[in-house]
Amino acid sequence: MIDGVVGVIIWTDTLTVMRAFYSDILGLKLHSEHDNFIFYKWGDMRLGIGIHSKVKGKSVDPYRLMINLGVKNIFQEYTSLVEKGVNFLRPPEQEKWDGWVCTFRDPDLNIIQLIQQPKV
């Protein structure tokens, strides 16, 4: 029986560019680094970025998979990322389920969303 998602991997051919974006622009804390592979970690959940021999260039179908990153204050994060040059596809908007979402692309054109859960 599957009991949860433990990780997601983004494959790329530009690991240095992706690391700079996820670490320096988004401010994610690097958990571990290996030859051609890096990991970020929250509890048991890992986000990996690595070089794959069958991946070349930017994502040709970026809407197929979206990675949602949780934030406590979506407006603060949005403003900070805009100041760092991140172009948003969608500014923060409240959803019908009362949470907030905003959307942007990483350097490989993968779609990333910031999610602020509703206050309970």
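Strand E1 supplies three residues to the lining of the largest pocket, the largest share from any element. The model described here is predicted. About 270 Å³ of space lies within this pocket. Its lining comprises 18 residues. Nearest the centre of the pocket are Ile10, Ser59, Asp61, Leu65 and Asn110. By class, eleven of the lining residues are nonpolar. Four are charged, and three are polar.

E1 also belongs to a sheet. This sheet is open and has four strands. Their order is E1-E4-E3-E2, and the pairing is mixed. Strand E1 (7-12) lies at one edge and strand E2 (30-34) at the other. Each of these two has a single partner strand, so one side of each is left without a neighbour in the sheet. From one strand to the next, the twist averages 15 degrees.

Two hairpins connect strands within the sheet. E2 and E3 run antiparallel and are joined by four bridges. One of the pairings links His34 to Phe37, its bridge partner in E3. Two residues lie between the strands of this hairpin. Asn36 takes a positive phi there, near 65 degrees.

Strand E3 covers residues 37-42, and strand E4 covers residues 45-51. The two strands run antiparallel, with six bridges between them. Ile38 has Ile49 of E4 as its bridge partner. Phe39 stands opposite Gly48, also in E4. E3 and E4 likewise form a hairpin, with two residues between the strands. In its turn, Gly43 has a positive phi of about 55 degrees.

E2 stands at an edge and is joined to E3 by four bridges. E3 in turn is joined to E4 by six bridges.

Note on methods:
Residues numbered from 1 in each chain as written. Predicted model: local features only at pLDDT ≥ 70, side-chain atom pairs only at ≥ 80, totals over all residues. Heavy atoms only, no water. Pairing = 2+ DSSP bridges. Axes fitted to C-alpha atoms, helices over the stretch in contact; angles between N-to-C directions. 1 Å grid on protein atoms, 1.4 Å probe; cavity = no way out; pocket = protein on both sides within 12 Å on 5 of 7 lines; lining within 4 Å. Points joined across faces, edges and corners; volume = space filled by probe spheres on them. Nonpolar A, V, L, I, M, F, W, Y, C, P; charged D, E, K, R; others polar.
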